[in-house]
Amino acid sequence: QYGYAAVFVLVGAESLGVPLPGETILIAAAIYAGSTHRLSVWLIFAVAAAAAILGDNIGFWIGDRGGYRLLHRYGRYIRVKDKEIKVGRLVFDRHGGKVVFFGRFVSLLRTYAAFLAGTLKMRWRRFLPYNAAGGIVWAALYSFVPYAVGNAIKHTSHTIAIVLGIAAVVVIVAAIFLVRRKAAQLEAAAEAAYPGPLPDR
């Protein structure tokens, strides 16, 4: 009923940090376009890519302007100390591009990666190209593939979601294990990169 506007609003809102089913609505719109031809898959792709990039940049701006201040001031209440913030900044300084690009394809990261990038002070000039590339590739994949296979995607989407979910959990658990194992090294490297107390802004 709402066509391109629904895709734009849900994808954009999910990208700026609101947990909404942006990817689901994109797949549904592409399937609808493929089965009825009442929507253009090229416009769906363009709208989704634009919404993803715009939403991520708003989320980045919110994180940069407000997220860092809140985390720095009140992080101790949720057991996030300065040393953890420094480690997060170090990770985004070294691997932020990968997190932003590949995070677009993982549901939890898709919602919060841009906000975290802003909060942990990733440079916007570095964030933008990875963000744009991720948004365009993601929008193309989830627009043209469902459009091409049509209704067959309905029968495999749950299986794909389960497989990707399991893979994401495995990666996250492995990352947590590695971070804990090398916590001292990371903390030392982060302190060397950002010596002294963290700035308020």
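A cavity, on a 1 Å grid over the protein atoms alone, is a set of points where a 1.4 Å probe fits but cannot get out, and its lining residues have an atom within 4 Å of a point. Grid points are joined across faces, edges and corners, and a volume is the space filled by probe spheres set on the points. This is a predicted model, in which local features need pLDDT of at least 70 and side-chain atom pairs count only at pLDDT 80 or more, while totals for chains, interfaces and linings use all residues. Residues are numbered from 1 along each chain as its sequence is written, and side-chain values use heavy atoms, with hydrogens and water left out.

**Stop 1: the cavity**

Searching the whole structure gives one cavity of 30 Å³ or more. The volume of the largest cavity is about 50 Å³. Select Asp 56, Val 100, Gly 103, Arg 104, Leu 109, Arg 110, Ala 113, Ala 114, Phe 127 and Asn 131 to show its lining. Five of these lining residues are nonpolar, two polar and three charged; here Ala, Val, Leu, Ile, Met, Phe, Trp, Tyr, Cys and Pro count as nonpolar, Asp, Glu, Lys and Arg as charged, and the others, Gly among them, as polar.

Next, colour helices H4 (82-103), H5 (107-119) and H6 (124-149), each of which supplies at least two residues of the lining. H5 has the largest share, four residues. Helices are DSSP runs (H or I, at least four residues), numbered from the N terminus.

**Stop 2**

Arg 110 is in helix H5 and Glu 14 in helix H1, so the pair, 96 residues apart, links distant parts of the chain. The count of salt bridges (a side-chain nitrogen of Lys or Arg within 4 Å of a carboxyl oxygen of Asp or Glu) is four.

**Stop 3: a nonpolar patch**

Select Phe 8, Val 9, Leu 54, Ile 58, Trp 61 and Ile 62, which make a nonpolar surface patch of about 540 Å². Helices H1 (3-15) and H3 (41-74) each give two or more residues to the patch. H3 gives the most, four residues, and Phe 8 lies in H1. Patch residues have over 30% relative accessible area and no salt bridge, with nonpolar side chains (Val, Leu, Ile, Met, Phe, Trp, Tyr) joined within 5 Å; areas come from the Shrake-Rupley method with a 1.4 Å probe.

**Stop 4: annotated spans**

The unreviewed UniProt entry places "transmembrane region" at residues 6-32, 39-62, 127-148 and 160-179; such annotations may be inferred rather than shown by experiment. Select 39-62: the span is 92% helix, with its end C-alpha atoms 33 Å apart. Finish with 127-148, which is 100% helix and has end C-alpha atoms 31 Å apart.

How values were computed
On a 1 Å grid over the protein atoms alone, a cavity is a set of points where a 1.4 Å probe fits but cannot get out, and a pocket is an open set with protein on both sides within 12 Å along at least five of seven lines; lining residues have an atom within 4 Å of a point. Patches are made of residues with over 30% relative accessible area and no salt bridge: like charges are joined within 9 Å, nonpolar side chains (Val, Leu, Ile, Met, Phe, Trp, Tyr) within 5 Å.
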